[in-house]
Amino acid sequence: MRKFFANKKLIIVMIILIATLSTVALSFRVRENRSAPPLIQRVANDISNTAAAIVSAPMVAIHDGFNNVTDLVNTYNENQALKKDITQWQQTKATNSTLKQENSQLKKQLKLNATLSDYKQIPASVTSRQPADWENIFMINKGSLQGVKKNMPVVSGAGLIGRVIEVNNISSKVELISTANTNADRTAVEIVNKKDEHINGIVSGYDKTDEALTMTQINTKNAIEKGDTVITSGLGGLTPKGLYVGKVVSVKNDDYGRPATVYLKPATNLNDFSVVTVISRDVQGG
Amino acid sequence: MDRRHFIDISIVAFLGLLLDGALSFAGQGILITPQWQVAPSFLLLWLTFVTYLMPSDGRLLWLAVGLGIVYDFYYSGIIGFYAIAFPAIVYGIQWAREYLPISGVYAVLLYFISIVVVTSGVYFGHRFLGVGGEGFVGFVSQVLWPTIVVNVVVAGLLYVPCNRLLARWRVES
C-alpha cells in the first residue's frame, strides 16, 4: 500500500480521472436541468459563436453556391410541379384567410388571449455544428437577449427540426429531433389520418437504415396510412400545436395488429439547413 | 518557444477549433449523412504537429487543457471529455517524440493514433452517459473509419506547409 501511494504519477492520474468524471457528471446535470449554463460558459460560448460565424461565412457561401447550382438544374421540373399546385394553393390561401379571421373573432368572443397554436417566430442563422455528431447538436446566433428559452422548438423550411437545449446571451445550442440521446425530451406529435382523426404519440428517435423518424407510444385502433400528416400536438413543454413534422412512410404493427411504431419522413432534410426559426409559444406551461 | 510564437500557436489552435464546427456545418450532407459521419479534426491535427515538431514546452499541456474546456463548452456543454483528451494526447506525443525521428510519416502516424484515441474515448464517454445511440460496430464502420480516412489524407496534405511554418517559428524562437 505504501508503495502504491509512493507512486506520485499514479496518484495524479487518479485525481485527474476522478475530477474529470465529476465535472462530466456535474456539467451533464447542469445542461439537462438548468435553464442556462454558468456565466463563464455563456460568455465563452458567445465569444466562440461570434468567431465561428465569421469563420463559417465563406464556407457557407460556397455550400450555398453549390446548392444554387443544383436548384438551377432542377428548376424546370420544379416549375412544372408548382404550376399544378398553384391553383389549389390560391383556393387554400383564401380559405385559410377566412378561417383565420373567423378563428380570431371566436377567440375574442370567448376572451381567449392565446391558445396552444399561437406562437411568435425568432429567425436565426446556424453558425456551427458539433464535429463529432454524437448528440446531433448545432449552434445558432440567437440567445436569451432575443427571447430564446430552453426547450423552445426550432423549425427549418417546411417543418420541425429540433429544440433548444442550451441558451447563452447571444447564441444557443439546438438538438436535432433525430437525436439518439436517451435523456432528451421527446416531442409530442399527432397523426392526422384520412378521416381527420388525431392519433397521439411521441417522436422517439431516428432510424438510419430507413432515414425516417420513429414515432412510438401510440395507443389507437384508428387506421394510419402512408402519406398521413404528422404535426406537433402542443402537449407538454413549449411546443405549440400544429407545427408540421413530416409524413407517415410506413407503419409497424404489434402482435395484436395495432400500430406500434410509425416511421415518418421528416419535412426538412436534417442534414442540410442554414437558416432556422425558433418558435416561442404564447401560452406557457409545463 | 518564445511568447509571441506561443500566442501564434494558440490563435491557430483556436481557429482550428472553430474550423472543425464550421466545416461540419458547411459540409453537412457530405460529411454527415445517415450512412457515415466524418468529424473534422483540425484542432487535434494542429496540436499533434505542434507538439511533435516544436521544442518541448510545458505550456502546450495547459493550452490543450484550455482548448479542451472551450471545445466542451461550445460543442456539447458536457465538460470533461475533450478537456482531458487533448492534454492526454499532448502528453503522450511529448513522451513519444523522445524516441522518434522527425519525419512526415511519424507525424501522420501520431495523428492517426490521436484520432483513434480521442474519437473512441469520447464515444465511450458518451455511451456511458446514454448520449449517442450508435452501436460499437456502427461506430467503427460509420464514424471512426471514415473519420480516420479523411483526416489522415488531410494530415498528409497539410504536413509540408505546417512543417515549414513551424520550422520557421522554431528558428525564430
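The model is predicted: local features need pLDDT of at least 70, side-chain atom pairs count only at pLDDT 80 or more, and totals for chains, interfaces and linings use all residues. Residues are numbered from 1 along each chain as its sequence is written, chains are lettered from A and ligands numbered from 1 in the order in which they are written, and side-chain values use heavy atoms, with hydrogens and water left out.

**Interface of chains A and B**

- Chain A brings 47 residues into contact with 48 residues of chain B (contact: heavy atoms within 4.5 Å).
- The two chains bury about 4000 Å² between them, and carbon and sulfur atoms give 66% of that (buried area: accessible area, 1.4 Å probe, that two parts lose on being put together, summed over both).
- A:Pro131, A:Trp134 and A:Lys208 supply 21% of the area that chain A buries against chain B, more than any other three residues.
- Zero salt bridges are found across this interface (salt bridge: a side-chain nitrogen of Lys or Arg within 4 Å of a carboxyl oxygen of Asp or Glu).
- B:Ser76 sits in the loop between H3 and H4 of chain B (helices, H or I of at least four residues, and strands, E of at least two, are DSSP runs numbered from the N terminus).
- B:Ser76 counts as buried because its relative accessible area is 5% (buried: under 20%; exposed: over 50%; partly exposed: in between; 1.4 Å probe, protein chains only).
- Beyond four places in sequence, B:Ser76 touches A:Arg31, A:Gln130, A:Glu135, A:Ile137, A:Lys173 and B:Tyr71.

**Pockets**

- On a 1 Å grid over the protein atoms alone, a pocket is an open set of points where a 1.4 Å probe fits, with protein on both sides within 12 Å along at least five of seven lines; lining residues have an atom within 4 Å of a point.
- The largest pocket has a volume of about 940 Å³ (the space filled by probe spheres set on the points, which are joined across faces, edges and corners).
- Its lining has 30 residues, with A:Ile16, A:Thr20, B:Ile84, B:Pro87 and B:Ala88 nearest the centre.
- H2(A) gives the largest share of that lining, 10 residues.
- By class, the lining of the largest pocket has 24 nonpolar, five polar and one charged residues (nonpolar: Ala, Val, Leu, Ile, Met, Phe, Trp, Tyr, Cys and Pro; charged: Asp, Glu, Lys and Arg; polar: the others, Gly among them).
- The second largest pocket has a volume of about 810 Å³.
- Of its 39 lining residues, A:Arg129, A:Asn271, B:Ile32, B:Thr33 and B:Pro34 are closest to the centre.
- The lining of the second largest pocket has 15 nonpolar, 17 polar and seven charged residues.

**Salt bridges**

- The whole structure holds seven salt bridges over all chains.
- A:Glu166 pairs with A:Lys173, closest N and O atoms 2.7 Å apart; both residues are buried.
- A:Lys194 pairs with A:Asp228 at 2.8 Å between the closest N and O atoms.
- That pair spans 34 residues, from the S6-S7 loop to the S8-S9 loop of chain A.
- A:Lys194 is exposed at 55% relative accessibility, whereas A:Asp228 is buried at 2%.
- B:Arg59 pairs with B:Asp57, closest N and O atoms 2.9 Å apart.
- B:Arg59 is partly exposed at 31%, and B:Asp57 is buried at 10%.

**A buried glutamate**

- A:Glu175 lies in strand S5 (172-176) of chain A and is buried at 2% relative accessibility.
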